[in-house]
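Please keep the sequence and the picture at hand while reading.

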Amino acid sequence: MTNVVQASKFTIHNKKMYPYKIAIIDDNQAVLDVLKLTLEEEFESIVTLTHPSFFTPFLSEGETDAVVLDMNFNSPNLDGAEGINWLRYIKGHPNAPAIVMMTAFGNIDLAVTSLQEGAEDFIVKPWDNKELIKKLLKAIRKNASRQQEKEEIEEAHLLKEQQEAAQQMTLDEMKRKHVMDILDQCKGNLREAAKRLDINRQTLYNQLKKYGILHE
């Protein structure tokens, strides 16, 4: 009985709390190691990368739920421009993951810019582990909500286009029937039919071709 209880406690302790896949992108290996140790206790899968360019294959797979993205890599300016550019690149893909930007500088303007460019949240080094986990979860849910809203809008636009197409088809069918009725009443006399329709013969001729009544 004792062994069973101990095994049960061990299983619960090692169970991942959240079924999400997280990518950490930072050029500092020490930061990657610490974040991996911190987050792998909470999330299903953790991938660490030293540069955003290595993340491209993961974008095509579309399986990453969130990215912790550093603001600076190769540039000596340390102005966050690199991070913003990579943020735009990642968010430009369909079903892009949630992104939490990370920087060593508490620059509110940079934070606002990253949020305007599509990041879900922003955190400053040194970070608080609980706060980072909380922000990652919030970012994933926010991103999922955005994508669902986007899909619903796209579906609504598609439905509207289909309805308009169906309506236009109905109008064309009504016009076709009207032209055929007039033509039948005029016993095929195009001049008389055009007169009744209040159009010239060439316009009538074009309509007959359009509606498939007359073929060249």
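A residue is called buried when its relative accessible area is under 20%, exposed when that area is over 50%, and partly exposed in between, as found with a 1.4 Å probe and protein chains only. At 19% relative accessibility, glutamate 42 therefore counts as buried.

## The model and its overall plan

The model is a predicted one, in which local features need pLDDT of at least 70 and side-chain atom pairs count only at pLDDT 80 or more, while totals for chains, interfaces and linings use all residues. Residues are numbered from 1 along each chain as its sequence is written, and side-chain values use heavy atoms, with hydrogens and water left out.

The protein has 8 helices and 5 strands, where helices (H or I, at least four residues) and strands (E, at least two) are DSSP runs numbered from the N terminus. Read from the N terminus on, the elements follow the order α-β-α-β-α-β-α-β-α-β-α-α-α. Of the 216 residues in the protein, 33% are buried. A contact means heavy atoms within 4.5 Å, and among the contacts in the protein with a separation of 6 or more, 56% are between residues 24 or more positions apart.

Glutamate 42 is placed in the loop between α2 (29-39) and β2. Although glutamate 42 and tyrosine 18 are 24 residues apart in sequence, they are 6.0 Å apart in space, C-alpha to C-alpha.

The structure holds 3 aromatic pairs, that is, rings of Phe, Tyr and Trp (its six-membered ring) with centres within 6.5 Å, called stacked if their planes are under 30 degrees apart, edge-to-face if over 60, and tilted for the rest. One of them joins tyrosine 18 and phenylalanine 43, whose ring centres are 5.7 Å apart and whose planes stand at 35 degrees, so the pair is tilted. Because tyrosine 18 lies in strand β1 (residues 18-25) and phenylalanine 43 in strand β2 (residues 43-49), this pair ties together parts that are 25 residues apart in sequence. Phenylalanine 43 is buried, with a relative accessible area of 1%.

## Helix α4

Another aromatic pair is formed by tryptophan 86 and tyrosine 89, with ring centres 5.5 Å apart and planes at 85 degrees, so the pair is edge-to-face. These two residues are 3 apart in helix α4 and are thus separated by about one helical turn. Tyrosine 89 is partly exposed, with a relative accessible area of 35%.

In helix α4 (residues 81-91), the buried residues include Glu82, Gly83, Ile84, Trp86, Leu87 and Ile90. What covers the buried residues of α4 includes α3 (56-61), β3 (66-70), β4 (98-103) and α5 (108-116).

## Lysine 125

Is lysine 125 buried or exposed? With a relative accessible area of 18%, lysine 125 is buried, and its place is in the loop between β5 (121-124) and α6. Leaving aside residues up to four places away in sequence, lysine 125 touches Asp26, Val31, Asp70, Met102, Thr103 and Ala104.

The side chains of lysine 125 and aspartate 26 are joined by a polar contact of 2.8 Å. Such a contact is a pair of N or O atoms within 3.5 Å; within protein, one must be able to donate a hydrogen and the other to accept it, and residues adjacent in sequence count only if both atoms are side-chain atoms.
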